[in-house]
Amino acid sequence: MRRGIYPGSFDPVTFGHIDIIKRAAKQVDELIVGVLNNNTKTPLFLAKERVKMLNEVTKDIPNVKVIAFQGLLVDFAKEVGATMIIRGLRAISDFEYELQMAQTNHKLYDQIETVFLFTSEEFSYVSSSLVREVATFGGDISQFVPPYVVEAMKEKTNKGEYKKNE
Ligand code: PNS
């Protein structure tokens, strides 16, 4: 069985991520969406909230599983038996960081290969951080994220300010 991981912060998941998930799911038997639960960063959404959102927006793709992980991505890959990391490339500006990560991950675990998919043109400018910013100031984010996420963002933001987690 060919198992791949699509890792990320997904804070929140965007149409760009969903595009990559749909296309990556066709290339593997099972696609694990790995949601980073990193204690050193304070995300807008808790890992369990991000997992819930991803489960909701991928519920029609049968071979996708959403799992939160902590620590090194390669350790998570070993744990779930994945041999492929899938990442989306939006623009040349993504390349340097992605190359560094792919090479580091391969050094740490030589059984893992990183495969890049180019984000579809219509989503190439979409990022979670811009979605958060637009939402903070009350802008319309419905072109960037699915309706379920629009609602979750509305609950999380309060008159232009984030409601703090915890
Ligand atoms: O959506 P993002 O924030 O660009 O995803 C980055 C992610 C989660 C893929 C990366 O930060 C990661 O893999 N973190 C886990 C820790 C780790 O393995 N770091 C070394 C990678 S070279």
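Me: In what order do the elements of the chain run from the N terminus on?

Reply: Helices (H or I, at least four residues) and strands (E, at least two) are DSSP runs, numbered from the N terminus. Here the order is β-α-β-α-β-α-β-α-β-α-α-β-β, with six helices and seven strands. This is a predicted model, in which local features need pLDDT of at least 70, side-chain atom pairs count only at pLDDT 80 or more, and totals for chains, interfaces and linings use all residues. Residues are numbered from 1 along each chain as its sequence is written, and side-chain values use heavy atoms, with hydrogens and water left out.

Me: Where does S120 lie?

Reply: S120 is in the loop between β5 (113–118) and α5 (128–136).

Me: With which side chains does the side chain of S120 make a polar contact?

Reply: A polar contact is a pair of N or O atoms within 3.5 Å; within protein, one must be able to donate a hydrogen and the other to accept it, and residues adjacent in sequence count only if both atoms are side-chain atoms. The S120 side chain has such a contact with the side chain of D19 at 3.0 Å and with that of R23 at 3.4 Å.

Me: What does the radius of gyration of the chain agree with?

Reply: The radius is taken over C-alpha atoms, and the globule rule is 2.2 Å times the number of residues to the power 0.38. For 166 residues, a compact globule would have a value near 15 Å, and the chain's 16 Å agrees with that.

Me: What percentage of the residues in the chain is buried?

Reply: Buried means under 20% relative accessible area (1.4 Å probe, protein chains only). Buried residues make up 47% of the 166.

Terms used. Buried < 20%, exposed > 50% of the residue type's maximum accessible area, 1.4 Å probe, protein only.
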